[in-house]
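Please look over the sequence and the model before reading on.

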Amino acid sequence: GRDRFNVEDFAGQEFLMPSLGFHLDILRALNRSNVTPVIRTTQVSDSVIISMVEHGLGVSVLSELVLKGRRDDVQAVPLDPPAYSWAFWCGTGRTCALLPAASSPRRVKSSIRSNRRTHMLSFTPLTIEHHALLRRYYDGCDYHLCEYSTGTKLMWSLYLRPSFAQEAGCLIVRNRVDGEWVFDFPVPGPGGDVDAALTAIEEYCTETGTPPVISVVPEEKAPELLLRWPRFRLTNERNWKDYLYRAEDMAAFAGRKYSGQRNHISRFLRTCQSWSFEPLDNTDAAEVETFFHTLNKKLNYTPGEAAEENHKVQEVLEHLDQYGLVGGVLRADGAIVGFTLGEVLRDTLYIHIEKADRDYPGAYQMLCRQFCTAYADGLAYVNREEDMGDLGLRKAKRDLHPVTQLKKYTVEVW
């Protein structure tokens with residue numbers, strides 16, 4: 001094998017460009033030597049690059065640490081002159097030319113177009129007709145974030161304008177936020193390949209000129225993206241963290257730490273002569289809508305705020321079965337004083353809508369306990385979603401003693 005590889009030898013060679021971000025270092029190194037390789041494919045993962053080099057489909061440049069522990073039939077040769085990259089600055093090893101084993105770079109001239117995707121992602125707007133498709137993916141999703149639920153996706157469709165594609169056995173959702181496209185982290189179905197789905201997103205962004213932004217990334221998935229892309233901006237907004245609770249705590253309010261919630265429920269019981277909690281179904285829809293409109297007037301919602309939320313709630317009530325949601329109604333002396341709409345996915349009950357009349361002190365606490373008793377039995381968690389920066393809502397959610405607040409990262413690739 002060779003002990004060094006002259007950068008000028010890349011001229012005219014089939015060159016396999018690594019992932020977004022790292023390619024900028026490579027281009028700078030090539031430009032310094034006035035070298036223009038034939039870049040036949042771009043923005044694919046390191047593992048794909050290594051495999052393609054191994055099969056004689058081109059040459060590339062990677063950090064030698066990427067190859068550590070691997071047994072691929074390739075050789076990593078130090079560059080001449082040396083190229084200092086993000087990987088090198090961070091102490092992750094030398095930047096090396098990656099060549100097929102026992103081959104000269106002149107021998108790898110071959111077309112790699114057959115290895116490129118033959119199609120680009122095509123996105124379809126999400127509508128209520130796709131609820132069954134969403135459920136198939138989200139039923140198997142363990143991210144625990146409310147954005148990976150059927151109810152959230154459909155209820156906020158007017159705001160997020162979600163569209164979807166299916167690729168490599170994964171669901172890829174694209175949303176419109178502040179005038180820009182952002183992508184959810186891919187949700188794999190049985191046998192789904194998340195790495196391939198991320199590669200499809202990269203290629204779509206390259207082909208369309210869309211800035212690559214992956215939003216609502218679960219904390220445990222963030223390292224995958226940080227290792228994949230060397231240059232990025234990572235954000236985690238406090239206002240959008242989901243509050244996650246133990247299901248048995250929400251159904252019982254047992255123990256000293258929940259004495260305040262039990263006191264509120266006692267006040268509710270003293271306020272009315274009789275009460276009931278019952279499942280919400282289509283027969284309650286009209287009465288619940290009337291209660292909701294009346295409640296909005298009491299809360300002095302602006303017309304815009306009330307109209308947006310009213311539309312969302314009304315649509316859910318009209319298509320309760322199609323949304324796949326569960327609901328409950330709390331009554332005091334026969335009249336509705338609160339209702340909840342939620343969704344069960346895997347081991348978690350997601351509470352999407354919870355409304356109660358504050359003229360009945362303790363109604364919220366009673367509604368929460370009864371709803372979780374009815375629908376969280378046997379589950380591990382209850383997700384009460386984010387506080388959106390509302391300080392009153394933040395205090396109320398904290399008072400229920402969450403086991404954790406789930407972070408949602410946004411990764412913007414440079």
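This is a predicted model: local features need pLDDT of at least 70, side-chain atom pairs count only at pLDDT 80 or more; totals for chains, interfaces and linings use all residues.

**Aromatic pairs**

The structure holds 13 aromatic pairs, and two of them are set out below.

| Pair | Centre to centre | Angle between planes | Geometry |
|---|---|---|---|
| Phe123 and Tyr204 | 5.2 Å | 75° | edge-to-face |
| Tyr138 and Tyr148 | 6.4 Å | 80° | edge-to-face |

Phe123 lies in the loop between strand S6 (95-100) and strand S7 (124-125), while Tyr204 belongs to helix H7 (residues 194-208), so their pairing ties together parts that are 81 residues apart in sequence. Phe123 has a relative accessible area of 14% and is buried, because buried means under 20%; Tyr204, at 10% relative accessibility, counts as buried too.

**Charges over a ring**

Trp181 has Arg174 over its face, at 3.7 Å from the ring centre, and Arg176 likewise lies over the face of Trp181, at 4.7 Å from the ring centre.

**A contact between two helices**

Helix H10 (residues 259-271) packs with helix H14 (residues 363-375) at an angle of about 105°, and their axes are 7 Å apart. That angle makes H10 roughly perpendicular to H14, because angles of 65 to 115 degrees are counted in this way. On the H10 side the contact is made by Gln261, His264, Ile265, Phe268 and Leu269, and on the H14 side by Ala363, Gln365, Met366 and Arg369. Sorted by class, the contact of H10 with H14 has five nonpolar residues, three polar residues and one charged residue.

**A loop residue and its contacts**

Asn236 is placed in the loop between strand S13 (232-235) and strand S14 (242-246), and with a relative accessible area of 27% Asn236 is partly exposed. Although Asn236 and Lys407 are 171 residues apart along the chain, their C-alpha atoms are separated by 6.6 Å. Leaving aside residues up to four places away in sequence, Asn236 touches Lys241, Lys407, Lys408 and Tyr409.

Terms used: Residues are numbered from 1 along each chain as its sequence is written. Side-chain values use heavy atoms; hydrogens and water are left out. Rings of Phe, Tyr and Trp (its six-membered ring) pair if their centres lie within 6.5 Å; planes under 30 degrees apart count as stacked, over 60 as edge-to-face and the rest as tilted. Helices (H or I, at least four residues) and strands (E, at least two) are DSSP runs, numbered from the N terminus. Buried means under 20% relative accessible area, exposed over 50%, partly exposed in between (1.4 Å probe, protein chains only). A charge sits over a ring if NZ of Lys or CZ of Arg is within 6 Å of the ring centre and within 35 degrees of the ring normal. Axes are lines fitted to C-alpha atoms, for helices over the stretch in contact, and angles run from 0 to 180 degrees between N-to-C directions. Angles under 35 degrees count as roughly parallel, over 145 as roughly antiparallel, 65 to 115 as roughly perpendicular and the rest as oblique. Contact means heavy atoms within 4.5 Å. Ala, Val, Leu, Ile, Met, Phe, Trp, Tyr, Cys and Pro count as nonpolar, Asp, Glu, Lys and Arg as charged, and the others, Gly among them, as polar.
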